Amino acid sequence: MIRKTEYNAIDFTKYRKRISTAFQNGDYAEKDFLDITSNKRWFALVYGDYEAVMPVAYTVHLGFRFVMMPKFCHYLGIFSDHDDIQLNRAFYQYLVGHFVVMHYAFNPHNTLNINLPKGCSYIIPSGNYEKVKKNYHSGRRRNIRTTETFLNTFQILDNRFGEEDKCFLIKYMKGIKNRKQKNQYIALAEQLFRAGILTTVAISSENGLQSLGCFYDGSRSSYLGIFVNRPELPDRNIPSVLIDRKIQLCIEKVNFDFAGSRVKNVADFNSRFGAEAYYYPYILRNKKEVIHILLKNLAKQVKIV
């Protein structure tokens with residue numbers, strides 16, 4: 001039987017064991033990561049004695065809970081010993097039948113056989129760096145060559161997150177026009193950095209920062225969370241050099257995940273590193289659909305006399 005378990009009632013010893021030993025990748029379901037990115041606004045759907053778990057994050061608006069993926073969190077889903085279609089569907093039905101879902105992404109290893117849209121990401125499996133580099137596109141291998149001129153002009157900076165980095169993100173971060181949302185992303189990145197689960201790579205010159213990448217370092221993969229470049233770079237190879245630097249640092253121990261996109265330019269950039277595409281199902285509803293479900297749920301709670 002599946003049951004909802006509020007945050008304060010979760011047996012985190014059993015939860016952590018289930019996540020760490022699951023067939024599915026549980027990096028985004030780790031307690032420390034979810035606690036920061038959701039501000040502890042998450043609960044778990046639990047099957048049996050933690051034989052399977054499904055973490056669910058939410059936001060609160062006008063006193064109502066709405067299921068919503070946290071910032072930096074690519075997917076969650078069901079975590080169990082193996083990919084069980086019937087169990088996955090039972091969790092799915094419980095989720096959509098009991099909660100107002102705005103956005104929820106399932107794990108790549110959650111087979112549902114339900115007609116849902118699919119997100120796309122790109123991954124480089126862990127291995128010897130020199131062998132991994134051989135899978136780069138020939139043009140990408142040329143891009144990452146750091147000549148003496150490059151090294152005399154630019155500095156590669158590992159694992160720092162100070163005021164200069166925050167100002168750089170605020171000024172050049174794309175896709176987020178709202179200053180408040182930018183500040184939220186930066187505040188979360190800083191918390192993750194202080195917790196030791198987010199690392200950074202930056203490239204700087206005498207004219208200041210040129211490129212900055214923030215990476216969530218999980219137990220199975222390192223994930224590209226934020227990647228920001230100046231609009232006009234003095235060297236077009238800077239983004240490639242930065243990503244290659246992070247791959248050098250992590251690939252011997254864990255996979256590298258671009259947390260990617262189907263946007264053609266981004267997909268091409270990722271694939272030229274030899275990254276392989278993978279897909280995961282998700283629920284995404286527009287505002288009209290969410291309001292309809294909310295009103296329907298409220299009507300169930302009202303008795304007409």
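This is a predicted model: local features need pLDDT of at least 70, side-chain atom pairs count only at pLDDT 80 or more; totals for chains, interfaces and linings use all residues.
Q: Let's start with helix H1. Which of its residues are buried?
A: Happy to! H1 runs over residues 12–21, and Phe12, Tyr15, Arg18 and Ile19 are buried there.

Q: How do those buried residues sit around the helix axis?
A: Looking down the axis of H1, you find the buried residues within an arc of 125°, so they line one face of the helix.

Q: OK, and what is on the other side of H1?
A: That is where Thr13 and Lys17 are, and both are exposed.

Q: What covers the buried residues, then?
A: The cover includes helix H2 (31–37), along with strands E2 (42–47) and E3 (52–61).

Q: And what does Asp11 do at the start of H1?
A: A side-chain oxygen of Asp11 comes to within 3.2 Å of the backbone nitrogen of Thr13.

Q: You mentioned H2. Which helix is Lys31 in, and is it buried or exposed?
A: Lys31 belongs to helix H2. Its relative accessibility is 14%, and buried means under 20%, so Lys31 counts as buried.

Q: What does the Lys31 side chain pair up with?
A: There is a polar contact of 2.6 Å between the side chains of Lys31 and Asp35. If you leave out neighbours within four places in sequence, Lys31 is also in contact with Tyr7, Phe12, Arg16 and Trp42.

Q: Nice link! Switching topic: how much space is in the largest pocket?
A: About 1700 Å³. The lining has 44 residues, and the closest to the centre are Gly225, Phe227, Ala259, Ser261 and Val266.

Q: Which element gives the largest share of that lining?
A: Strand E10 (221–229), with seven residues. Other elements that give two or more residues include helix H8 (179–194), helix H9 (238–250) and strand E12 (276–284).

Q: How does the lining divide by residue type?
A: In the largest pocket, the lining has 26 nonpolar residues, 12 polar ones and six charged ones.

Q: What about the second largest pocket, what volume does it have?
A: The volume there is about 700 Å³. This pocket is lined by 24 residues, and Thr59, His61, Phe66, Met68 and Met102 are the closest to its centre.

Q: Which elements give two or more residues to that one?
A: They are E3, strand E4 (64–67), H8 and helix H11 (287–301). By type, the lining has 13 nonpolar, seven polar and four charged residues.

Q: New topic: where is Thr199, and why is it called buried?
A: Thr199 is in strand E8, residues 198–205.

Q: What does Thr199 touch?
A: Not counting residues up to four places away in sequence, Thr199 touches several residues, including Asn159, Gly213 and Lys246. With Lys246 there is a polar contact between side chains, at 2.9 Å.

Q: How far is Thr199 from Tyr129?
A: They are 70 residues apart in sequence and 19 Å apart in space, going from C-alpha to C-alpha.

Q: Last one: which helix holds Asp165, and is it buried or exposed?
A: Asp165 lies in helix H7, residues 163–172. At 2% relative accessibility, Asp165 is buried.

Q: And what are its contacts?
A: Setting aside neighbours within four places in sequence, Asp165 is in contact with Arg160, Leu209 and Leu212. The side chains of Asp165 and Arg160 are joined by a polar contact of 3.2 Å.

Terms used
Residues are numbered from 1 along each chain as its sequence is written. Side-chain values use heavy atoms; hydrogens and water are left out. Buried means under 20% relative accessible area, exposed over 50%, partly exposed in between (1.4 Å probe, protein chains only). Helices (H or I, at least four residues) and strands (E, at least two) are DSSP runs, numbered from the N terminus. The arc is that of the directions from the helix axis to the C-beta atoms. Contact means heavy atoms within 4.5 Å. A polar contact is a pair of N or O atoms within 3.5 Å; within protein, one must be able to donate a hydrogen and the other to accept it, and residues adjacent in sequence count only if both atoms are side-chain atoms. On a 1 Å grid over the protein atoms alone, a cavity is a set of points where a 1.4 Å probe fits but cannot get out, and a pocket is an open set with protein on both sides within 12 Å along at least five of seven lines; lining residues have an atom within 4 Å of a point. Grid points are joined across faces, edges and corners, and a volume is the space filled by probe spheres set on the points. Ala, Val, Leu, Ile, Met, Phe, Trp, Tyr, Cys and Pro count as nonpolar, Asp, Glu, Lys and Arg as charged, and the others, Gly among them, as polar.
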